[in-house]
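Dear colleague,

Please find below the structure I promised to hand over, with my notes following it. I would be glad if you read the notes with the model open beside them.

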Amino acid sequence: MQTTTTTSIESPPGTGDDALVVRGLTKAFGSTRAVDGLNLSVAKGEAVGLLGPNGAGKSTTLSILSTLLDADGGTAEVLGLDPGAAGPDLRRRIGVVPQDIALYGGLTAKENLELFAELYGVAGSAKRDRVSWALDAAGLEARSGSRVDTFSGGMKRRLNLVCALLHGPELVFLDEPTAGVDPQSRNHVFEQVEALHAAGTTLIYTTHQMGEVERLCDRIVIMDRGRSIADGTLEELHQASGGAGAARQLRLLDGTAPAEAVRVLADAGIRAEGVEAKRDLESIFLSLTGRELRDGSDADGEEGQA
Amino acid sequence: MLHSALILARKDLRLFLRDRTAVMLAFLLPIVLATVMGTAMGGPMGKMMVASSGASHAFSSMAVMMLMFNLVASAGTLQEERSEGTLDRLRLTPSAGPAILFGKLLITMAMALVQLAVLFLFGAAFFDVPVFENAAALTATCIVWAMTASALGLAFATAARTRKQLEGLSTLLILGMSAVGGAWFPREIAPAWFQKVGLATPVAWAMDAFHRILWFGSGFTDTAEHPGIAVPLAVLLLITAVLFFLAHRFYRARFTVR
């Protein structure tokens, strides 16, 4: 069962193996303090979920750490470099998947990939290989010559992801990379992100999809009003929030009647109020409709002609 | 930086060529308007002119006025890139940052030179506009005016906060500068005070240069009969430097908020 965490857990101090260390980071826009004394450290190879309500300061934090914004105060080190000063040296080593679809609609998928590959300094045969890899990873090989403004939302999302990975970054910031797409494309994007994590890439992942964070992230940082209010593994967050009072979910195997389960628990002295049938809708949807990408059969007009 | 600027300029060229309306507006509209004006104003306007001066004025004014409209539209793609998020994506690459504005300058200048070439060659072919009588001076003037108009387009595009603001302000300013700068009618027929006011605009210096070449057959330097184009070109280069400096400042302040 979900529990609400209100306990603040201090971020552990940084070590030599840290990909990212942030101390007392602040950024204000006028009178609004978007980031207000943020502390954060992320180990190399770690996947950290950065959660928080809208306006919590997540995107501003990512903009500072990815060199787009200067902080007003505090210190930040990303891969051992100061994002406010390192500029190009840091940009070569990080990837950023923006929340918005930041692609040129008038260019083809391949042209978009080639453009960003060249700007990241990937040239010659390496460029051909990486663009080919990216088209394959995005499931867009068959549409590589089509203009992006003819793509469905899911196709754009997949391309949006791989454009940030062409140069093989050591650390990737992902700002809601699965927002607004169908389950097939969401699953496809998510599998690519999981593959990145498995390959040892450090990931900072912001999303409103709690399930994605549970599935992917080694650690979760919850931000609110520009600060980190909780930091730890899912289990640590449960415990820190008073795990004794947290409800638990039982998975009943086929053939077990819910009422019988309640009776057995009661006989064992375990208090249970009832067993609520709960389904993972996304799993059901994917099992019924399959995991195959549906780029070519969008009948609602979202996808145009190539 | 040049390599990155060329990559970005190639991207803008591809996007431009795939926008058929933009291509039509850039190349056909100036020719159509110059044809109408050239036909209406055709014929010699005095013995001091070397050729069909009405048409020469029509093609010069279209070269000056329409180029500004086209280049503001071209530089205005910066506004779209900002609102679509692609500008930030470019800024996140290691090489694009300082090259973004330079790339826009390269592509707008290249487009300007092609547009001017098409327009004047059409004028030469169908209206006897004397473009080959002093080809070196005309080429130099076209290059300088392409630079000035590109810098002007970038200054407008970076000064405006939104695309709509850009369209409104640039239309007003371009039409105003064209009127007082002599693109609508020769400044020579206007009162002295009006001619002086016009000199505050780059349009007047560009029109002076084109007029001196196409009406009076002038070259770079002054002759006993007619002034050359050296002074107008020098002033245009100075204006270009100021406009590009302003564009750079506006770009840093409004497009790369840090």
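A nonpolar core, as the term is used here, is a set of buried Ala, Val, Leu, Ile, Met, Phe, Trp, Tyr and Cys residues joined through side-chain atoms within 4.5 Å, where buried means under 20% relative accessible area, exposed over 50%, and partly exposed in between (1.4 Å probe, protein chains only). Please keep in mind that this is a predicted model, in which local features need pLDDT of at least 70 and side-chain atom pairs count only at pLDDT 80 or more, while totals for chains, interfaces and linings use all residues. Residues are numbered from 1 along each chain as its sequence is written, chains are lettered from A and ligands numbered from 1 in the order in which they are written, and side-chain values use heavy atoms, with hydrogens and water left out.

The largest nonpolar core has 124 residues, of which A:Leu20, A:Leu159, A:Phe173, B:Phe120 and B:Trp145 touch the most other members. Helix α7 (residues 135-159) of chain B gives the most to this core, namely 14 residues; helices (H or I, at least four residues) and strands (E, at least two) are DSSP runs numbered from the N terminus. A second, separate core of 21 residues includes A:Ala47, A:Val172, A:Tyr205 and A:Val213.

Turning to the aromatic rings, a search of the whole structure finds 10 aromatic pairs over all chains, counting rings of Phe, Tyr and Trp (its six-membered ring) with centres within 6.5 Å, and calling planes under 30 degrees apart stacked, over 60 edge-to-face and the rest tilted. The pair A:Phe190 and A:Tyr205 is edge-to-face, because the ring centres lie 6.1 Å apart with the planes at 90°. This pair links helix α7 (residues 183-198) of chain A, which holds A:Phe190, to strand β7 (residues 202-206) of chain A, which holds A:Tyr205, and both residues are buried.

In chain B, the rings of B:Phe59 and B:Phe122 have centres 6.3 Å apart and planes at 35°, so this pair is tilted. B:Phe59 counts as buried at 0% relative accessibility, whereas B:Phe122, at 24%, counts as partly exposed.

As for the interface, 23 residues of chain B are in contact (heavy atoms within 4.5 Å) with 30 residues of chain A. Three salt bridges are found across the interface of chain B and chain A, a salt bridge being a side-chain nitrogen of Lys or Arg within 4 Å of a carboxyl oxygen of Asp or Glu. The side chains of B:Arg10 and A:Glu118 meet in a salt bridge at 2.5 Å, N to O.

With best regards
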